[in-house]
Amino acid sequence: MAQAIRLARQGIYSTHPNPNVGCVIVAQGNVVGCGWHRQAGGAHAEIHALREAGEKACNADVYLTLEPCSHHGRTPPCAEALVDAGVRRVVVAMQDPNPLVAGQGLGRLRQAGIAVETGLMETQARATNLGFVSRMQRGRPWVTIKLASSLDGRTAMASGESKWISGDAARRDVQRLRARSSAIVTGIGTVIADDPSMNVRLDALQLNGVEPVRQPLRVVMDTRLRMPVQAKMLSLPGHTLLLTAAQDEDRRLALQRAGAEVVAIDAEQGQLQPQAVLKLLADREINEVLLECGPTLAGAFLAAKLVDELVLYVAPHLMGDSARGLFHLPGLRQMRDRIALEWLDVRQVGDALRVNARPCY
């Protein structure tokens, strides 16, 4: 199963919106077939492994990181393929979290007389599909905030100057975060200040031989449609989505001609709500969201308890107390109001420290 999980992880840059799945087939103590899901619309992990195993799959044991599908989607059901191959036993790390299909694939295997076991290394298997599980069980994507700061927690000088806080190695590392994300979300303030590209800039070798088959969806929260028609991201490959509360038809048409999709959503007190944004993205089959934004938007998502993980690159310099901070959180007035964090990982990336933490809501 550990081998199957390692295989599943190879799909993190290319399977969106599908889950990452790995499969290992064992006959008489020997691995005879391996596979992983590589791209939505392509063969699933089980099919790759069955093709490699050939006739040796008959009476073999199958180790799968996720319950085999039992319905016709972009591809035929994998549960039927396992039945047709005559496998003896299927060990599954976790059930499909989709409530519409959970258990049906396992039921089809049992109906065919195949021994089924579940739960082996479920925690590790679940970690390979945090976004897919979140979308299926919570109705929203997994949300990660990426930030870069000085050692004294500053993200920009008082003038707004912020290039570059982190070094080359940290910026290359960010490309991996972007490549595995289904969407990158920012606010219009960041666009106006920095004119960011919000795209993936990594070659295939840097992604372990797996080239991203798509650019993440670029999402700009732009309440009043202030997006410049000459913004850099509008001329780049991929798709840019502007979320707004404005009803300015002329601005909407101008931005659409420039290459953006403009969608109006409800606002409260003149502000777009993070919950509504994530609901819309979940409806578009977005599994993982990377927030690359300023302190106001970052604070809004944190205050709404919608951040699942923080990735902070801490650079070895000081910027002073007049510089801008990481989060705008005006509601925190007493020690009991603090947002507690759980450390997940701390390591050096180039000259910066990369800190991964999870809010303890």
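Q: Why does Q28 count as exposed?
A: In this predicted model, Q28 has a relative accessible area of 82%. The cut-off for exposed is over 50%. Q28 is therefore exposed.

Q: What makes K305 exposed?
A: The relative accessibility of K305 is 52%. Exposed begins over 50%, so K305 counts as exposed.

Q: Which loop holds K305, and what is its phi?
A: K305 sits in the loop between α11 and β15. Phi of K305 is near 60 degrees, again a positive value in a residue other than glycine.

Q: Why is V349 called buried?
A: V349 has a relative accessible area of 11%. Buried means under 20%. V349 is therefore buried.

Q: Where is V349, and how far is it from A169 in space and in sequence?
A: V349 lies in strand β17. From C-alpha to C-alpha, V349 and A169 are 6.1 Å apart in space. In sequence they are 180 residues apart.

Q: What share of the protein's residues counts as buried?
A: Of its 361 residues, 51% count as buried. The cut-off is a relative accessible area under 20%.

Q: How do you know whether the radius of gyration agrees with a compact globule?
A: With 361 residues, a compact globule would have a radius of gyration near 21 Å. The protein has 23 Å, which agrees.

Q: What box do the C-alpha atoms fill, and how many helices and strands are there?
A: Taken along the principal axes, the box is roughly 70 × 45 × 40 Å. The protein has 11 helices and 18 strands.

Q: What makes a space a cavity, and how many of 30 Å³ or more are found?
A: In a cavity a 1.4 Å probe fits but cannot get out. The search of the whole structure finds one cavity of 30 Å³ or more. About 120 Å³ of space lies in the largest cavity. Its lining has 15 residues, and N18, N20, R180, N287 and E288 are the closest to its centre.

Q: Which helix gives the largest share of the lining of the largest cavity, and how do its residues divide by class?
A: Helix α6 (residues 130–138) gives the largest share, three residues. The lining of the largest cavity divides into three nonpolar, nine polar and three charged residues.

Q: What makes a space a pocket, and what volume has the largest pocket?
A: A pocket is an open set of points with protein on both sides within 12 Å along at least five of seven lines. The largest pocket has a volume of about 1,400 Å³. Of its 47 lining residues, T190, D194, E292, C293 and G294 are the closest to its centre.

Q: Which element supplies the largest share of the lining of the largest pocket?
A: That is α7, with six residues. Other elements supply at least two residues each, including β6 (142–150), α8 (188–194) and α11 (295–303). By class, the lining of the largest pocket has 20 nonpolar, 15 polar and 12 charged residues.

Q: What is the volume of the second largest pocket, and which residues lie nearest its centre?
A: The volume of the second largest pocket is about 830 Å³. It is lined by 25 residues, and I12, L177, R180, E309 and N356 lie nearest its centre. Elements that give two or more residues to this lining include β14 (288–291), β15 (309–315) and β17 (341–349).

Q: Which element gives the largest share of the lining of the second largest pocket, and what are the classes?
A: The largest share, four residues, comes from α7. The lining of the second largest pocket has 11 nonpolar, five polar and nine charged residues.

Q: What makes R171 count as a charge over the ring of W164?
A: R171 lies over the face of W164, at 4.4 Å from the ring centre. The distance limit is within 6 Å, so 4.4 Å meets it.

Q: How many aromatic pairs does the search find?
A: A search of the whole structure finds zero. To pair, ring centres must lie within 6.5 Å.

Q: Is the peptide bond from H16 to P17 cis or trans, and where is P17 found?
A: The bond is cis, with omega near 5 degrees. P17 is found in the loop between α1 (2–9) and β1 (22–27).

Note on methods. Residues numbered from 1 in each chain as written. Predicted model: local features only at pLDDT ≥ 70, side-chain atom pairs only at ≥ 80, totals over all residues. Heavy atoms only, no water. 1 Å grid on protein atoms, 1.4 Å probe; cavity = no way out; pocket = protein on both sides within 12 Å on 5 of 7 lines; lining within 4 Å. Points joined across faces, edges and corners; volume = space filled by probe spheres on them. Nonpolar A, V, L, I, M, F, W, Y, C, P; charged D, E, K, R; others polar. Phe/Tyr/Trp six-rings, centres within 6.5 Å; stacked < 30°, edge-to-face > 60°. Lys NZ or Arg CZ within 6 Å of the ring centre and 35° of its normal. Rg over C-alpha atoms; globule rule 2.2 N^0.38 Å. Buried < 20%, exposed > 50% of the residue type's maximum accessible area, 1.4 Å probe, protein only.
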